[in-house]
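Please read them alongside the sequence and the coordinates.

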Amino acid sequence: MVGAMAYDADAVVVGSGLAGLVAACELAGAGRRVVVVEQEPERSLGGQAFWSLGGLFLVGTPEQRRLGVRDSFELALSDWMSTAGFDREEDRWPRRWAEAYVSFASGEKRAWLNALGVRLFPLVQWAERGCRGPGGPGNSVPRFHIAWGTGPGVLEPFVRRVRAAEEKGLVSLRFRHRVTGLLREGGALCGVAGEVLEPDPAGRGAPSSRRAVGEFELRAQAVIVASGGIGANHELVRRNWPERYGSPPPEMLSGVPDHVDGSMLEAVRKAGGSLIGEDRMWNYPEGVANHSPVWSRHGIRILPGPSSLWLDAAGEPLPFPLIPGADALGALEHIARSGHGHSWFVLNRRILGKEFALSGSEQNPDLTGRSWPSVLRRALPGAPAPVEEFARRSPEFVEARTPEELARRMNALTGRRLIDPSGLREVIEDRDRQVASGLGKDPQLFAIRSARRFVGDRLIRVAKPHRLLDPAAGPLVAVRLSILTRKTLGGIETDLSGRVLGRGGEPLPGLYAAGEASGFGGGGMHGYRALEGTFLGGCLFSGRVAGRSAAEGTG
């Protein structure tokens, strides 16, 4: 190994994802000297946010009002609290962070981002609709605002500001520096220590070498931990798997790159920091394996409209309100408890063309590339080109002209005769009779018709109700869905200044946390489940808070 290297700065930020970049911007903007340490190669600057669809939870916006959506802080806070389900003594700070974040999303968040150059796609989306009644989880109105340029578009102003501060000598970016511990002196935190990893040409998001070629120590007045969650560490996901979900499935997909391994969480714990809500996580039941993987077990989430039948592994419909797009975590719990690791969407080509979207910047090149001509093609009949290509190349999609043939192909895909062909026909025909009646008693159809009252859904998101066996809408399609690990909802406990708290509730001097490492603030501001569009926003808000607080405490 080469000799140990030492650095000096006012603050060290661990992690160059969105939360870390925002914190670094705030520190540099206050004239503080910052070192950002990142274990991945420079190509991965921006972390997970780069791969995101760019969804932002916003309340009472001009975009909502133009679409006739009436929203308010009070309604949003009510939705948040009923969705979070805070019920533990340790939820004191998460609850306060939730209130502060909804206030931010209802107030200055949009104007702040607009001043930085972030623009929004005009059609607001309606994620996590709930369907369990006024006091249940979910969004009462559409709040999912997609950034023009998706995740990369959200990152751009912060990458630009950090690079400008780097040119001025205020920020130093240290890639391939893996923090393994926190330094203490005289009872206060005074820096970080770790390994210098060998150079690696790995592309963005791809696994990189962990071979160490040196060591380093970096001393500073403040350390901000913005290292992300645990989503790629399936061993840790299984260890923290909630008992209420039963046993985790034997195989899961990863919605995040390999480096999202939770290693810094343990370093904070060893330094005396408090971690709470570790059994709270946001994994998705609608994952499909990426036919062109970037990272290990790479999965993509399907963002469905409400019209597909959602069947368990044995071909039985999930009970209402577990319909596509309504309650992802409720569906995950039901599927995990079924004893099988997969479920199915059953639909037809017309629904696929109107309602299927894929999460992620790379799966939405029209929005990511800010191409209005390409975006406008979404209003035309047929699936968007990326969805069509994915369906063609993915083995998880099967098609057939009859329910019996579809069942045989579903069974062939799993290698087990779990789907009864006559049973599948009965399920489909029962649904089709309800559609044909024009009225019916199927609550899923009520939800579809209600969704189409919203102009955004009617234009590009929700198909007009029709028979699945309508020959003009065929052929039938089935998609095998796997559980996809993704977001960490619990984490490092922090106060409203982003200061890390010890196990006795006292702030640890000089130590802060932001982003997913802090459960996006407080150790878990989402509680048990989230409203969507709140993850990028949580990184923005907690990174800003921690950066400003650390700037006040240094210099």
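1. A salt bridge is taken here as a side-chain nitrogen of Lys or Arg within 4 Å of a carboxyl oxygen of Asp or Glu. By that rule, the count between domain 1 and domain 2 is five salt bridges. Helix α6 (residues 150-167) gives the most to the side of domain 1 that touches domain 2, contributing four residues; helices are DSSP runs (H or I) of at least four residues and strands are DSSP runs (E) of at least two, numbered from the N terminus.

2. On the basis of the work, this is a predicted model, in which local features need pLDDT of at least 70 and side-chain atom pairs count only at pLDDT 80 or more, while totals for chains, interfaces and linings use all residues. Residues are numbered from 1 along each chain as its sequence is written, and side-chain values use heavy atoms, with hydrogens and water left out.

3. The domain assignment gives domain 1 as 9-227 + 489-553 and domain 2 as 284-484, such bounds coming from an automatic or database domain assignment. The C-alpha centres of the two domains lie 32 Å apart, and 34 residues of domain 1 are in contact with 34 residues of domain 2, where contact means heavy atoms within 4.5 Å.

4. Domain 1 and domain 2 bury about 2800 Å² between them, 61% of it on carbon and sulfur atoms; buried area is the accessible area (1.4 Å probe) that two parts lose on being put together, summed over both. Trp-51, Arg-129 and Trp-148 supply 25% of the area that domain 1 buries against domain 2, more than any other three residues.

5. Which residues does Arg-486 contact, leaving aside its neighbours within four places in sequence? Arg-486, found in strand β17 (residues 476-488), touches among others Trp-282, Tyr-284, Arg-301 and Glu-516. Arg-486 is buried yet has no salt bridge, and the nearest side chain of opposite charge, Glu-532, is 7.4 Å away; buried means under 20% relative accessible area, exposed over 50%, and partly exposed in between (1.4 Å probe, protein chains only), while for charge Lys and Arg count as positive and Asp and Glu as negative, with His and the chain ends not counted.

6. Asp-312 lies in strand β13 (residues 309-312) and counts as buried because its relative accessibility is 14%. The side chain of Asp-312 reaches the backbone nitrogen of Ala-314 at 2.9 Å. Not counting residues up to four places away in sequence, Asp-312 touches Leu-318, Ser-343, Trp-344 and Ile-419.

Notes
Polar contact = N/O pair within 3.5 Å; in protein donor to acceptor, adjacent residues only side chain to side chain.
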